[in-house]
Amino acid sequence: MKNKMKYGFLTILILSVSFISLLAQNHKYILRYGADAESGAPYVFQDPKDPKHLIGFEVDLINAIAEDLGMKAVHVQNEWDGLIMGMERNDYDIAINGLEITPDREEKVNFSIPYYLTYEQIAIRRDQEGINTLSDLIGKKVGTLNNSLAERILRAKGGIDVRGYTDEDKSYNDLEYGRLDAVLIDQPVALYYAGWNPQLKLTGQPIGEISYGIVLRKSDTLLLNKINRSIEKLKKSGKLRTILEKWNLWNFMMESYLDDHTESNDPHTAYQEYLATQGQTTTFMTLMKRYISFLPMFGEAALVTLSISIVAMLVAVFVGLIVVLLRVYAPNPLSKLATLYIETIRGTPLLVQLYFIYYALPVIPYIGVRISPFVAAVLGLGLNYAAYEAENYRAGLFSVPRGQMEAAISLGMTRNQALRHIILPQAFRFVIPPMTNDFISLLKDSSLVSVITMVELTRVYNQIGATYFDYLGPGILVAVIYLLIGLPFIRLARVAERKYTYDKRKIIKR
Amino acid sequence: MKLEIDDSQSYLQGDNNIISIKDLQKYFQKTHVLKSINLQVNKGDLVSIIGRSGCGKTTLLRCMNCLEVFDSGTIRIAGITLSRARTEAEVSRDIRNRTGKIRKNLKSPFRKPDEDTELDEDFHIKSQILRTRVGMLFQNLNLFPHLNVLENVVKAPIIVKGESHEQSVHRAVQLLDKVGLKDFIKRYPYQLSGGQAQRVAIARALAMSPHVMMYDEPTSALDPELVEEVLQVMRTLHEEGMTQIVVTHAMYFAKTASDTVIYMEDGKIVESGPPEKIFSNPRDYRTKQYLSSIKE
């Protein structure tokens with residue numbers, strides 16, 4: 001029986017691995033670039049008119065570079081904080097997402113020559129006065145992005161109550177609601193998130209100097225040279241300026257960097273389009289239309305959530321069974337190991353386990369393997385829930401009276417036969433309700449796998465919320481979708497419960 | 001591995017002892033539960049074991065079925081001989097080494113009956129075969145609740161003996177007819193009375209074609225009016241020549257149906273003999289005391 005289970009588990013693993021490798025076509029001429037679509041305008045973000053489509057000045061830039069190299073640029077989603085880690089894992093070849101060239105980063109990775117120069121910009125509420133310089137921020141609550149140059153500038157100044165954010169839109173929200181006194185973030189962000197907002201204003205002189213570069217692995221020197229040459233070409237041909245003008249990002253620093261002091265008279269088409277979608281009062285009908293336009297994205301994400309949850313639950317069910325059989329019936333070293341497994345998994349956060357599987361496993365010498373995000377998600381969730389399932393099964397086994405085993409043995413059955421034909425079928429009935437509970441719980445915990453680059457429901461909700469500054473409607477939508485996904489499984493569990501309740505008196509009426 | 005299993009049923013000739021127990025000793029940790037039990041049972045006999053609670057009669061039965069592993073002595077049942085010789089010193093040393101493990105195991109309902117002791121493969125296989133030749137009934141109606149009556153009876157022959165489904169169903173229906181439950185084969189255990197359940201349990205044990213049937217207080221969990229239907233089945237089996245051993249508190253049954261009655265006290269067989277002799281003219285004062293105490 002154990003063998004059958006092992007094979008079942010292996011088959012599932014092999015199937016999911018091959019499924020994934022089918023999906024990930026590693027074509028030679030594809031330039032995979034990592035960027036966080038949630039980090040937003042004007043870098044890489046979802047087109048408010050068509051959320052499935054990515055736009056931004058970096059999208060334009062990377063497309064221009066790829067075209068010059070005769071390649072096709074393909075976006076790979078990753079959290080901004082983890083962009084460099086994801087590249088080290090070879091999830092993509094380069095990262096481009098407002099990454100500032102700093103000495104400590106240069107120790108780990110290579111930077112291309114800068115493609116954009118800018119500065120830090122203070123934003124405050126419209127009614128505030130007297131904040132113009134960095135020194136004015138002392139004693140104030142100031143929001144900024146985690147791990148950014150602005151954060152380092154603020155901390156170096158001292159005496160400032162620095163609040164780190166992962167999403168820039170949320171820092172400006174908090175400024176608007178009075179939870180912050182000011183926000184210091186890169187100028188393009190300030191322009192796109194605060195500049196148009198009637199409640200907020202940009203103030204003060206430029207602070208610091210930022211240069212954005214494309215990030216490459218230390219080993220990819222050939223690609224680095226190619227990209228540097230491309231950027232030089234774009235600088236000379238005026239293409240870089242055209243892109244920046246389109247997004248209203250041309251500034252005095254770029255003027256001197258490109259040595260191009262001609263008057264700018266570009267209409268900033270992309271910037272204007274962006275402004276048109278922001279801050280406007282939406283009618284109920286346009287809102288509904290917009291929500292309906294989210295449905296395909298949510299549908300796709302729901303499929304991801306569902307497939308991760310189902311495969312992970314299968315892993316949990318089989319691994320859990322093996323673990324509990326080892327724990328209860330195996331001789332000592334094995335049973336101790338099974339107990340250790342359960343205690344370790346239950347005693348550490350799922351988030352830590354996911355990070356460990358995704359980022360730490362590949363770098364272990366000799367045994368390190370690079371696994372795809374899907375497999376990592378399924379393994380992380382599945383192995384985690386296996387510990388809980390094992391304990392469920394144990395409770396089920398203990399609920400079978402001891403006399404059952406003795407009766408089976410005295411009929412001449414071996415312990416394994418008794419286990420398989422007498423004990424497990426009875427234990428199974430007890431285990432269905434807690435197992436259903438765990439599946440629903442797993443369905444929700446699957447939102448955690450967004451940290452390892454899976455684009456599932458919660459991630460899509462966050463992206464849409466950040467694009468439209470609307471967390472209410474999409475929030476209700478996503479909640480309904482989670483409920484709808486879970487319901488069929490609850491019904492299924494009911495049916496199974498009825499089917500396996502041999503004592504029909506014990507069926508609890510709903 | 002070559003096992004010394006006497007499969008020729010030669011015990012049927014010879015001395016006619018289907019069960020022979022010599023100097024059986026059993027400890028539960030530091031408690032000496034069975035103190036040198038010697039017992040011979042002839043084929044076809046119905047033997048009743050009586051005695052106060054805690055005297056060791058249930059343990060004796062469980063040792064004979066290897067649900068408990070005895071510490072020393074020899075058991076020969078239905079052609080299979082099991083023998084161990086652990087001295088008292090070995091047992092107590094063992095206890096010291098294993099106290100923690102035993103304590104843990106006592107909590108677990110999955111304790112292997114023989115995992116506290118070092119037993120060789122030979123002993124395991126022999127006790128396995130022994131159990132297929134001995135039918136055992138428990139006090140608390142251990143039918144399998146997830147199977148119906150018919151499935152309860154056919155399960156073990158199919159799994160253990162590899163019988164075909166038709167063959168064992170055919171036999172099961174015959175056996176259920178014999179215990180008067182032919183019309184109940186589709187019922188589930190929860191739909192049966194205690195007496196019916198115990199009769200199904202008998203049919204289930206008989207389906208393995210045992211050479212010996214053992215009963216551990218088969219009627220003490222039953223309502224008084226249901227006791228007789230179970231005892232009646234045992235009387236029928238007796239007439240058919242089945243060797244049976246009953247641990248019982250039903251004195252009336254012990255007196256009228258047994259060939260031999262054994263009185264146990266404090267882990268020893270105090271007295272054994274035909275029921276007339278034990279009940280009307282016991283030799284030992286302890287037997288007298290016990291019998292007078294239950295008459296009151």
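**Figure 1. Helices α14 and α15 of chain A meet in this predicted model**. Leu350(A), Gln353(A), Leu354(A), Ile357(A) and Tyr358(A) of α14(A) touch Ala376(A), Leu379(A), Gly380(A) and Asn384(A) of α15(A). Contact here means that C-beta atoms, placed from the backbone, lie within 7 Å. Helices (H or I, at least four residues) and strands (E, at least two) are DSSP runs, numbered from the N terminus. By class, the contact has six nonpolar, three polar and no charged residues. Ala, Val, Leu, Ile, Met, Phe, Trp, Tyr, Cys and Pro count as nonpolar; Asp, Glu, Lys and Arg count as charged; the others, Gly among them, count as polar. The axes of α14 (residues 350–360) and α15 (residues 373–399) of chain A come within 9 Å and cross at roughly 140 degrees. Axes are lines fitted to C-alpha atoms, for helices over the stretch in contact, and angles run from 0 to 180 degrees between N-to-C directions. Angles under 35 degrees count as roughly parallel, over 145 as roughly antiparallel, 65 to 115 as roughly perpendicular and the rest as oblique. The crossing is right-handed. That term applies if the near helix is turned clockwise from the far one by less than a right angle; anticlockwise is left-handed.

Two notes apply to every view. Residues are numbered from 1 along each chain as its sequence is written, while chains are lettered from A and ligands numbered from 1 in the order in which they are written. As this is a predicted model, local features need pLDDT of at least 70 and side-chain atom pairs count only at pLDDT 80 or more, whereas totals for chains, interfaces and linings use all residues.

**Figure 2. Helices α17 and α19 of chain A pack against each other**. The view covers α17 (residues 415–445) and α19 (residues 473–500) of chain A. Their axes lie 10 Å apart, at an angle of about 175 degrees. That makes α17(A) roughly antiparallel to α19(A). On α17(A), the contact residues include Phe428(A), Ile432(A), Phe439(A) and Leu443(A). On α19(A), they include Tyr482(A), Ile485(A), Phe489(A) and Tyr500(A). By class, this contact has 13 nonpolar, two polar and three charged residues.

**Figure 3. Five strands of chain A form an open sheet**. The strand order is β9-β8-β10-β7-β11, with mixed pairing. Two strands pair if DSSP finds at least two bridges between them. β9 (161–165) and β11 (200–212) of chain A are the edge strands; each pairs on one side only. The twist averages 25 degrees from one strand to the next. Strands β7 (residues 116–125) and β10 (residues 182–186) of chain A pair in the antiparallel sense over four bridges. Glu120(A) has Asp186(A) in β10(A) as its bridge partner. Helix α5 (residues 149–157) of chain A lies across β7, β8 (141–145), β9, β10 and β11 of chain A. It runs at about 150 degrees to β8(A).

**Figure 4. Asp259(A) and His268(A) have positive phi values**. Asp259(A) is found in the loop between α10 (252–258) and α11 (269–277) of chain A. His268(A) is found in the loop between α10 and α11 of chain A. Phi of Asp259(A) is near 50 degrees, a positive value in a residue other than glycine. Phi of His268(A) is near 50 degrees as well. Asp259(A) counts as exposed because it has 7 C-beta neighbours inside 10 Å. His268(A) has 17 C-beta neighbours inside 10 Å, so it counts as partly exposed. A residue is buried if 20 or more other C-beta atoms lie within 10 Å of its own, exposed if 12 or fewer, and partly exposed in between.

**Figure 5. Six strands of chain B form an open sheet**. The order is β6-β7-β8-β3-β9-β10, and the pairing is mixed. β6 (134–137) and β10 (268–273) of chain B are the edge strands. The twist averages 20 degrees from one strand to the next. Strands β3 (residues 46–51) and β8 (residues 243–247) of chain B pair in the parallel sense over four bridges. Val47(B) has Ile245(B) in β8(B) as its bridge partner. Helix α6 (residues 194–206) of chain B lies across β6 and β7 (212–216) of chain B, at about 165 degrees to β6(B).

**Figure 6. Chain B touches chain A**. Here 22 residues of chain B are in contact with 24 residues of chain A. α3 (121–133) and α4 (149–161) of chain B each supply at least two residues of the chain B side. The largest share, four residues, comes from α4(B). By class, the chain B side has 13 nonpolar, six polar and three charged residues.

Note on methods: Contact = placed C-beta atoms within 7 Å.
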